[in-house]
Amino acid sequence: MDPVSIAAVGWGISVAGWLVSPIISELLKKSFSNLGSRSLRKLRKLEKKVLQLKLMLEAVEASPRRGRLEQWMKELKSSFYEVEDILDTIDYHKLERRIIYQTDDNSAVSIDDKSIFSVFRCNTNQDARITKDFNLPVESRKKLKATLDKIEELINEGHQLLSASSDNINNTPNSFVRLPTMRPQTTSAPPPVVFGRDGDLEMIRSMLRDTPDDEPSSSKTKCYSVIGIHGIPGSGKTTLAQYVCANEREDSYFNLVMWIRVSQNFSVDTVFTEMIEIASGCKTDQLSNLDMLQMKLEAELTGKKFLLVLDDVWYDKDVSEQQLDLLLSPLKAGNRGSKVLVTTRFADAGRALGAQNLVPIREMDEEQYVSMFMHYALDAAAISDQALLREHECIGRKIAEKLGGSPLAARTVAGQLRRRLDIDFWRRSLNRDLLNHTMGALWWSYQQLEEHVRQCFTYCSMFPRRYELNRDELVHLWIAQGFVETTNGTEDMEDVGHDYFHVLLSRSFISIGNNTTSSGNFTIHDLLHDLAGRVAGSDCFRIEKGMVCQIPRDVRHLFIESYDREVFTDQILKLETLRTLFMSYSYRSNGMAAEDLEDLLKALKKLRVAHVNFRHKEKVLLPARIGEMKHLRCIFVSGYWIRVILPPAFGKLYHLQKFDALNCCFGYSTDKEMSNLVNLRYIHTMNKLEFPNIGRLTLLRTLDSFTVRKEAGYEIQQLEHLNNLRGHLIIYGLEAVQSEEEARQAKLADKVHISDLELEWCFSHQSSNLLVENKEEGRTCDQSGDPPDKILEALCPPFLVTSLCIRNYSGSTYPSWLSGEQRTLENLQHLHFSYCNGSDAPPKLELCVYLRTLSVLNCSWNSLPDNMENLTSLEELNIMSCKNILSLPRLPMSLERLSLDGWNGSDAPPRVGEFLVNLHRLQISSCSWNSLPKNMEQLTSLEELAIDSCENILSLPRLPRSIKKFQLVGCNSSLSESCRTGGHPNWEKIAHIPEDFKFIG
């Protein structure tokens, strides 16, 4: 069987599993419940027919009516999609009614939105209250009844088709046994281990050294030669190349090692840009001219013996020999002995690149292959019974023998067995025919996934091969499509989505990306991408750059790599059932015009995800028509210097979960309706987000800043129920908080997911009850009401906060939660005080035992906290412009970096403690001292010393020999000159430092 041809594998199984899953069952229940109790009898009758269909579908793999059955299944699936859209519209109107008539509380108004592949629930008291006064619109009732009637007709038709195929049914009992689905586990994948490739490694490394490297390159000979590794998908080509690459990096035989993923629809300028960035070690400027890119790459390669790995090179009608020749053209600038290592599915690709050595990926030695399989299946397995363990090993060996020697199949199948160690499961697995071939094995592992996880994986086929997937963004897309299902009201949707992702990662359906410049990104191996694409069928489609194709009219999820207005107008606007439109962002590619958005919103009413890329410097006024997008969950707006204006109708997107315009400025026609977006979870913008009554958005998880005002809708109490907030939060305008009780109502301590908190008052040079104009913010600082001491005491942060900043605080004392009396901030790692001028006494930091950074800027303190030496985790201390601090207390031995800036209260420097045995860096700037600290030679670990703008210092003290880097800038000219003059005492004190690491300005 062709490894990629899997259309006939498990089709009936897949359809049967989907049809009887709880997803469809619950969808039918919700549908009939909307039509009244009289429909329940019809529901039970239909459920029996569905169960019968399941048993028949599992036996029709070889049916001669396969083509008609597939068309029947498409129609059935389409009808279920239509039912979901109708139910989603009904939920939208329920939600709209609640929002319009809401008068009492700030609680979230969330109607569970689930897709055709998720369970609907309507059992909350809130739903009951809404439903009580809600009458199902006549039009929706008619549509729902008609669609359910159509589903019933299709199910009856399915019975007839399958009954007619009964003579061709394969009754073999062991063809497949569907296993009960399990809740996704959160186990970790075993670390990558290379088995059975040592011989291949040594052979290829020998080829890499078979050219003399002491001869210069001439015009007649290339400075490099090409080695090709070729084989079928999943055979271990990339793993072997990575093994070679890792060993060469350790050996340092090559001056430069570059790894480039090429893939099917590669762009020469993109490959050149990546090579330049790797060779130079920094991000390159955007160059649109190919000649300029080639010249810059040649300059980077000149004088270097390099190893270039081109991974996954394609060779077919879309990739010509001319393109491949162009790809290698700049390499002539390198030194003789350079090498190009190519991995490819096609031997012809290696030949087209001029490979002198073509290495077919070898099958692994049987014992090595079995060892690899057993590693992934039984490593660290808790089986104490030795007889049982031997039986596992015996069965595991026989299963491994059925996998065709595919490393990828071994890892995926073994990973599944590892999670089901009961011996009966292993025995049943041994008898499955689907384990005979690589794709059969992958298909089998796919069948072991829960239905929701399957849908999440299948959705990924919308993206191009090796497309880098960001975990969080992908989970948000899954949630928007309703693929993520919580089992109870306490589960967090994102946590469940991350569990799904982890299941896919641990079972190798998703892999960690190879691009070391991007952290947290993942890819799908080509073989598994093929599997996902076959399962998805016409539901998912992508248009990659340069492709000319017809988009299926029934597509649900569409990816566009490069915007083409003709395709957009002629094809995309006709996709009435489209749910995802994902336009990839590229700095080089043109985006859509703002006026095209009106047509998009008019035509694609079923969209749940809209990821649109606009032309550079475009001003986008979202049309009022956007308020008609009742199903929309996610909006992503991308482009360069884009300004987006939101209309009042934007507040009608009651199902909206995410609005991402991170690289765009945005504004409102009016901001009053924004608080109606009660399902909003994420909002990312370039500028500050401010609109009234944000407290109604209790599902909100991101809020970079909140400004308190003395206006209705902007009170600090708006934060009370926003307990899903996480990450970073800045609270401005605390001078507008009038009482301790108001501050306490914000309930900051309940926001346990916030890790980084900043508390800021309006800047004031006085602490009395005066009105002071804040020039930076344009706010008036009315400091009347309860004193700041009481306000700050009531703003106790969450106990897991790791970073805290207090700015412009004028209170005379510091809160008890900071001193450790309440044992609140034991997890605090970074603490910053700025312009805190209400007290001469510093706060106590009794229990901040994990504090790593302490910064004090322009505060009125006369000393640092007394217990500084007890902060045994402190690594960095910054003291800036604190004129009353004249000395340093005993500091902890853990300190590694010390910065003293703006010490102008005395001519004498403080004594730097001799106990700072781990201090690596000392920076002194803008100080009035007439000398540096006398005991600096005791800082025996000091490696960097920077002195900036200290004009009164005329000489250097004795310095430790450990200093490796010295910087003197903006200081007295005589000091600078003496440090440059050989034989001068100042010069002698830094003479041991290499000239490349001395900067004297």
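Good morning. The model before you is predicted: local features need pLDDT of at least 70, side-chain atom pairs count only at pLDDT 80 or more, and totals for chains, interfaces and linings use all residues. Residues are numbered from 1 along each chain as its sequence is written, and side-chain values use heavy atoms, with hydrogens and water left out.

The protein chain contains 28 helices and 32 strands. Here helices (H or I, at least four residues) and strands (E, at least two) are DSSP runs, numbered from the N terminus. Of its 1001 residues, 54% count as buried; buried means under 20% relative accessible area, exposed over 50%, and partly exposed in between, with a 1.4 Å probe and protein chains only. Among contacts (heavy atoms within 4.5 Å) with a separation of 6 or more, 63% are made by residues 24 or more positions apart.

Now to the opening question. Ser461 lies in the loop between helix H18 (451–459) and strand E6 (469–470). Its relative accessibility is 3%, and therefore Ser461 counts as buried. Leaving aside residues up to four places away in sequence, Ser461 touches His529, Ala532, Gly533, Ala536, Cys540 and Arg542.

Glu494 belongs to helix H20, residues 493–506. Which residue's side chain does the side chain of Glu494 join in a polar contact? The partner is Arg701, at 3.1 Å. A polar contact is a pair of N or O atoms within 3.5 Å; within protein, one must be able to donate a hydrogen and the other to accept it, and residues adjacent in sequence count only if both atoms are side-chain atoms. Glu494 also touches other residues, including Val475, Ile479, Arg681 and Tyr682.

Let us turn to a sheet. Five strands form an open sheet in the order E2-E3-E4-E1-E5, with parallel pairing; two strands pair if DSSP finds at least two bridges between them. Strands E2 (256–263) and E5 (355–360) stand at the edges with a single partner strand each, so one side of each is left without a neighbour in the sheet. On average, neighbouring strands of this sheet are turned by 15 degrees against each other, direction ignored. Axes are lines fitted to C-alpha atoms, for helices over the stretch in contact, and angles run from 0 to 180 degrees between N-to-C directions.

Within the sheet, strand E1 (residues 224–230) is joined to strand E4 (residues 338–344) by 7 bridges, and the two run parallel. Gly228 has Val342 in E4 as its bridge partner. Helix H7 (residues 198–208) packs on the sheet, touching E1, strand E3 (306–313), E4 and E5, and its direction makes about 160 degrees with that of E1. Helix H11 (residues 321–328) also packs on the sheet, where it touches E1, E3 and E4.

The buried residues of H7 are Asp200, Leu201, Ile204, Arg205, Met207 and Leu208. Seen down the axis of H7, they fall within an arc of 155 degrees, so they line one face of the helix; the arc is that of the directions from the helix axis to the C-beta atoms. These buried residues pack against E1, helix H8 (237–251), E3, E4 and E5.

Strand E28 (residues 897–901) pairs with strand E29 (residues 921–925) in the parallel sense over 5 bridges, and Arg897 stands opposite Arg921. E29 is in turn joined by 5 bridges to strand E30 (residues 944–948), again running parallel, with Arg921 opposite Glu944.
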